[in-house]
Amino acid sequence: IPGPYILIGHSIGGLHVRSFTNKFPEDILGLFLIDPSHEDIPEDSQKPTLFQSLFYYTMTDLYWTGIPFYGISERLDPTYRNSKNIRTYGNEYKGIALSIKEFKTNPYDISKFPIYIISAQSDTENIELFYRKLFEKVIDHSEHPIKKLIEYKLPHNIHLSDSDIVIKDLKLFLNELSNYKASESVNIIKN
């Protein structure tokens with residue numbers, strides 16, 4: 001499928017989308033990030049608690065026993081409930097701190113791209129404010145006229161729990177891009 005592409009990233013995928021955009025800008029039309037991770041998350045928040053370490057170990061090294069099946073929330077997609085996906089889920093969590101460290105050391109530039117960020121925060125007000133500042137930092141980095149932060153008081157996996165909201169916002173983004181491209185073409189013709 002020939003590009004350019006609109007990249008969609010959720011959670012840690014938001015960092016990967018931004019990195020890919022930085023490496024291959026000619027292939028990207030826009031970014032649609034769903035409650036993305038950010039490289040400025042404090043170091044101490046990346047260190048797992050004893051319970052989290054045990055949980056990650058169970059997910060990655062004891063997946064074959066079936067024990068992790070009982071530790072997974074019912075709200076997660078059913079595909080997480082087989083042993084291969086449980087192991088992948090656990091490895092993903094172990095890799096988040098490494099990914100964030102890599103993004104902190106490699107600057108990125110997405111300033112020329114349209115971007116929508118959906119924030120799904122159901123935590124305390126302090127945490128919501130903290131993440132809002134991080135998301136605004138990404139939005140403010142963009143010089144493109146199409147940029148928006150949309151906030152919801154919903155769970156982190158909003159794309160699973162409330163997919164209709166995500167689809168509605170994606171359609172808004174696509175419409176805004178389409179209208180912008182059409183007006184850009186009119187300006188080129190006039191000049």
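Guide: Helix α5 (residues 125–141) lies across β3 and β4, at about 160 degrees to β4. Helices (H or I, at least four residues) and strands (E, at least two) are DSSP runs, numbered from the N terminus. Angles run from 0 to 180 degrees between N-to-C directions, with axes fitted to C-alpha atoms, for helices over the stretch in contact; contact means heavy atoms within 4.5 Å. The model is predicted: local features need pLDDT of at least 70, side-chain atom pairs count only at pLDDT 80 or more, and totals for chains, interfaces and linings use all residues. Residues are numbered from 1 along each chain as its sequence is written, and side-chain values use heavy atoms, leaving out hydrogens and water.

Visitor: What span does α5 reach, and what is expected?

Guide: The expected span is 1.5 Å times one less than the number of residues. With 17 residues, α5 reaches 24 Å from its first C-alpha to its last, close to the expected 24 Å.

Visitor: Which residues of α5 are called buried?

Guide: Buried means under 20% relative accessible area, exposed over 50%, partly exposed in between (1.4 Å probe, protein chains only). Glu128, Leu134, Phe135, Val138 and Ile139 are the buried ones. Seen down the axis of α5, they fall within an arc of 140 degrees, so they line one face of the helix; the arc is taken from the directions from the helix axis to the C-beta atoms. Exposed on the other side are Glu125, Asn126, Lys133 and Asp140. The cover over the buried residues of α5 includes α1, β3 and β4.

Visitor: Which strands are called edge strands?

Guide: Two strands pair if DSSP finds at least two bridges between them. β1 (5–10) and β4 (147–152) each pair on one side only, and are the edge strands.
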